[in-house]
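User: I would like a close look at a single part of this model, followed by an account of how it sits among the other features that can be described. Please keep the answer connected.

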Amino acid sequence: MSSHKKRRGMSISETIANMNQGNSNDLSGRNYVFGSFKHSQLSNLMAQDGSESMHYSSSPAVHSTISVNEETATLAGVGVLEGPDDENVVFEDEHSSYEPVSFQEEHYQNLHEDFLNDSSSLLHDPHRSYSTIGEIEEMLPDEANDTDLENQAQKRGHNPSLSRFSKLIRDASMLDTHTVINHCVTKPISYLPAVFLGTLLNILDALSYGMIMFPIGEQIFSGMGAAGISMFYLSCVVSQLVYSLGGSGFSSGIGSEMIEATPFFHSMAMSVLKQLKGREDSVIPTTIVAFAVSSVVTGLVFFLLGKCRLGSLVGFFPRHILVGCIGGVGYFLTVTGIEVSSRIEGGIEYSLPVFHYLTQPLVFLQWSIPWALAIILVIVQHFNHNALIVPLYFILVFVGFHAIVSLVPSWSLEQARQYGWVFESPPSNEPWYGFYKYYDFSLVDWMIVMKEFPIMLALTFFGILHVPINVPALAVSVGMDQFDVDRELVAHGVSNVVSGLIGSIQNYLVYTNSVLFFRAGADSRLSGVMLAAATAGVMFAGPVVIGYIPVCVVGALIYLLGYELLKEALYDTRGRLARFEYLTIVVIVVTMGAWDFVYGILVGILLACLSFVVQAARRPIISGVFTGEYARSIVLRHPKQQAFLQDVGNQIYVLKLGGSLFFGSIGGLEKKIRYRFQEPIFSREPIRYLILDLNNVFSLDFSAVEGLRRIRNLMMEKNCFLLISSVSSTGPTVNALRDAGLWELPEHEEKIQLFNTLNSALEWCENMFLKTYSDIKSRTINSRGKSITKPTPAQKLTSAYDRGVVSSPRESHIFNAATRQVHEEVISSGGILTRGNIPLNLFMATFQVLSKLDESEFAKIIPFFEREVLPLKKAFHNSAKDPPCFYIVESGQVTIDYTFPHTGFKLSTSALPLTAFGNVAVHIWSHRNTVYSSSSTTETIVWKLVHSNAVQMQKKQPKLYNELLNISIRLLSERFDSITSNLLVAS
């Protein structure tokens with residue numbers, strides 16, 4: 001408090017006066033971030049003696065439930081007993097004949113201790129989850145956990161590798177001849193059909209992917225088809241070995257190059273060619289090194305994502321952006337098919353000369369025949385979905401082409417090469433590793449390699465999106481219930497790094513080929529190793545086979561791939577996506593086709609961000625609107641206080657917020673609040689307290705804080721309080737509000753309050769209304785004559801929180817409610833309630849609204865009650881374990897904890913003096929676990945009606961018993977309504 005008073009030592013008028021007297025300090029010296037804020041006249045203010053500047057940047061402390069409850073306890077008597085200072089009611093009677101009952105500690109049990117000691121509750125914990133491998137392994141028996149055995153061996157000084165080797169030797173010695181033959185002969189033979197299919201798929205992919213790895217349409221890269229195929233095979237072998245030897249969780253997955261990487265390779269190759277004009281000898285070495293470096297970069301990103309367990313983050317990327325990129329690849333492949341088939345120089349350009357070239361008779365046949373072959377295959381696949389259709393079809397085309405060449409007398413294979421129907425044959429002595437000759441590091445321009453880093457990152461970004469999609473899809477297709485995306489990312493990282501270091505390219509787990517491989521009978525890691533060996537054998541055979549491959553076969557393969565990707569992106573998504581998402585896919589495809597692949601990805605990301613902002617801005621951040629008539633705290637107050645608070649409750653306006661408060665959504669909140677404070681709405685339904693509950697708010701950006709500052713200025717203009725609930729004093733929300741200057745002036749600290757829960761904020765507002773009521777009562781009621789005088793419209797209403805403010809409709813509403821309450825108080829009390837008569841006054845004050853019994857009848861009830869002084873912070877009653885008991889609070893405060901079974905949810909509230917709670921009879925005993933505890937700060941005194949005394953009352957005073965029973969039922973009903981409404985509001 002001392003620091004607060006020190007800050008408030010200079011008023012605003014004094015500050016302005018000092019400024020008028022010649023203080024020329026610059027009050028507008030803010031940086032860009034705070035440029036749009038209202039300038040504080042206390043900031044950068046120099047004292048007249050030249051002292052350092054004063055900048056008010058503090059913020060009020062966050063009100064906790066305990067601090068608000070302490071203030072609530074002091075207001076228990078407001079509106080209940082007579083007198084201007086009735087909030088400090090203390091019953092004293094030195095001659096009372098009722099002696100305090102000693103507290104029997106062993107008679108009651110502490111709920112918290114019972115819960116902690118009850119081990120059975122751990123068996124049915126709905127919040128318990130086992131999400132990590134370590135937790136699962138702890139549940140397994142020791143013999144099932146090989147990792148523990150290895151760790152124990154390592155602790156004893158043994159090498160785990162040697163332990164595994166000895167275990168392998170021990171297991172091998174136990175095998176019989178039949179088992180050895182089955183594993184070494186029978187199973188490998190059974191895998192031969194699957195290995196043949198996998199090898200055939202790799203050959204077809206090499207002809208379609210590897211052949212066009214380099215832009216062979218360019219003269220300088222025209223002879224790189226063989227090198228591309230060898231690099232493709234090498235990447236396949238590396239990835240296959242990494243996955244099959246334990247890197248992947250899939251025992252029969254197939255690794256191959258990503259077809260989506262081809263556009264990026266072409267982009268890098270063309271960029272290098274453009275930058276090295278006049279230095280043609282450096283083009284191929286620089287390009288091939290850039291390919292290998294990109295593979296290492298991709299592998300490192302894969303590996304780090306997997307090691308850091310960030311695989312789930314990759315799945316957050318919008319799926320429709322990836323689909324758009326896939327469509328862009330399909331468009332690229334379609335254009336590439338035309339380039340490869342027509343052998344056009346320089347690639348496809350959208351110009352008239354290119355159109356004339358493509359429509360020449362020979363050229364038209366060269367690129368249209370592969371197109372016709374692809375269309376025929378699509379039609380065949382429409383009626384037959386067998387996995388062997390594609391490889392058998394292209395084998396048939398291959399055989400048919402060579403049959404035509406051999407049957408036509410005036411036609412030969414060499415002539416077919418000259419006219420562009422067959423690929424040029426590489427030198428006969430060209431080995432599979434011939435591409436390594438291009439790794440001449442003396443000719444590599446490393447600066448250009450570094451300049452291609454953005455394209456490498458784009459390729460990496462596109463590559464990592466496939467793993468979270470392919471891995472779950474493959475797991476479903478092969479019936480694998482458990483998989484680890486992070487493990488697959490690590491495997492991809494290792495295979496790509498190794499592939500790049502040995503001079504090859506990127507690879508990944510191919511979904512389609514893996515499913516076909518699995519369905520053909522491959523169900524173990526041995527089949528994957530056999531496929532790697534078969535692929536290596538094809539690679540060792542060398543690129544001599546290229547000279548016999550018809551261009552129409554490769555062209556048809558490329559067309560088929562392009563068609564399938566375009567169909568997946570543009571046709572299959574029609575009617576399944578929102579209009580904006582489908583438009584995004586189309587824009588990405590067009591951008592990639594017309595400009596550049598990297599630009600297409602950037603456009604897709606920008607559109608995704610725009611889509612997110614638009615959708616988030618359209619989603620209402622206000623999840624609930626309540627007034628204090630319905631949104632009430634769950635503090636157990638006297639019925640007279642509840643009636644007054646119900647009357648003035650519409651001056652509390654609660655807005656429950658949810659989602660993200662950012663630049664796109666804060667405008668809607670501000671518009672809603674400004675509408676509510678417009679005339680004549682504000683005059684008809686005035687608001688004193690505006691509560692913004694941030695319980696479900698996930699994030700708060702600078703624009704949102706700026707919007708809250710404008711709302712603050714509106715509250716200052718309307719002389720209202722702004723309450724922000726469900727925040728923590730050390731949380732990011734409070735720090736952001738404080739750093740942004742929400743509390744610039746001392747009055748801001750008074751008018752803007754923070755609370756850790758919504759219930760605390762509501763309780764604080766109710767306390768302020770009760771203070772106002774007490775203040776109005778003390779100023780308008782003559783302590784002797786009880787005469788009521790209503791102030792003139794210009795008269796000022798002073799209260800504990802509102803001094804010096806001219807009367808308004810809001811204040812008139814409070815005054816009228818207080819006046820009505822005072823009238824009822826005077827009439828109901830009738831002059832009977834006087835101090836110094838315990839417990840009669842206590843009973844009559846507590847039940848004066850709940851019962852019409854007179855003084856004599858209340859006197860008959862008192863002997864059945866026992867007075868008890870409770871020790872500090874002690875649970876004295878548990879409704880689920882103890883017999884029913886009815887309590888009246890004389891002084892202190894009682895904490896009530898409601899525990900809801902099977903949910904673990906706990907709701908805490910408090911009971912004030914002059915209130916009653918509990919059960920009278922067994923048949924209304926609630927089986928909900930409710931624990932009553934005494935205050936932790938002040939002595940608590942209660943009067944209790946134990947079950948045995950209630951039975952005696954039923955026999956001796958049945959009328960009074962029934963009256964007390966009706967009171968108990970009414971109180972229980974009111975508590976049920978209060979708790980239910982609070983749960984609905986707070987949820």
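Which residue in β16 is the bridge partner of Ser-891?

Analyst: The model is a predicted one, and the residue in question is Ile-941, which lies in β16 and is the bridge partner of Ser-891. This contact belongs to the pairing of β11 with strand β16 (residues 940-945): the two strands run antiparallel and are joined by 5 bridges. In general, the strands of a sheet pair through backbone hydrogen bonds, in either a parallel or an antiparallel manner.

The pairing is part of an open sheet of 4 strands, whose order is β9-β16-β11-β14 and whose pairing is antiparallel. At its edges stand β9 and β14 (916-918), each of which pairs on one side only. On average, and with direction ignored, neighbouring strands of the sheet are turned by 30 degrees against each other.

Glu-890 and Arg-867 form a salt bridge, in which the closest N and O atoms are 2.9 Å apart. Glu-890 lies in strand β11 (residues 886-891) and Arg-867 in strand β9 (residues 866-870), so that the pair, 23 residues apart, links distant parts of the chain. Both residues of this pair, Glu-890 and Arg-867, are buried.

This contact may be set beside others of its kind. By the rule applied, the model has 17 salt bridges. Glu-766 and Arg-637 are both buried.

A local pair is found in helix α18. Arg-417 and Glu-414 form a salt bridge, with 3.1 Å between the closest N and O atoms. The two residues are 3 residues apart in helix α18 (residues 413-418), and therefore about one helical turn separates them. An α-helix has 3.6 residues a turn, so residues three or four places apart point the same way.

The remaining feature to describe is the largest pocket, which has a volume of about 1,700 Å³. Its lining comprises 47 residues, and those nearest the centre are Tyr-511, Thr-512, Glu-564, Leu-565 and Glu-568. Of the lining residues, 24 are nonpolar, 13 polar and 10 charged. Several elements supply at least two lining residues each, including α9 (192-208), α14 (319-342), β3 (508-510) and α23 (511-519). The largest share, 8 residues, comes from α25.

Just after α23, Gly-521 takes a positive phi of about 120 degrees.

To return to the request, Ser-891 has Ile-941 of β16 as its bridge partner, and β11 and β16 stand side by side in the sheet order β9-β16-β11-β14.

Key:
Residues are numbered from 1 along each chain as its sequence is written. This is a predicted model: local features need pLDDT of at least 70, side-chain atom pairs count only at pLDDT 80 or more; totals for chains, interfaces and linings use all residues. Side-chain values use heavy atoms; hydrogens and water are left out. On a 1 Å grid over the protein atoms alone, a cavity is a set of points where a 1.4 Å probe fits but cannot get out, and a pocket is an open set with protein on both sides within 12 Å along at least five of seven lines; lining residues have an atom within 4 Å of a point. Grid points are joined across faces, edges and corners, and a volume is the space filled by probe spheres set on the points. Ala, Val, Leu, Ile, Met, Phe, Trp, Tyr, Cys and Pro count as nonpolar, Asp, Glu, Lys and Arg as charged, and the others, Gly among them, as polar. A salt bridge is a side-chain nitrogen of Lys or Arg within 4 Å of a carboxyl oxygen of Asp or Glu. Buried means under 20% relative accessible area, exposed over 50%, partly exposed in between (1.4 Å probe, protein chains only). Two strands pair if DSSP finds at least two bridges between them. Axes are lines fitted to C-alpha atoms, for helices over the stretch in contact, and angles run from 0 to 180 degrees between N-to-C directions.
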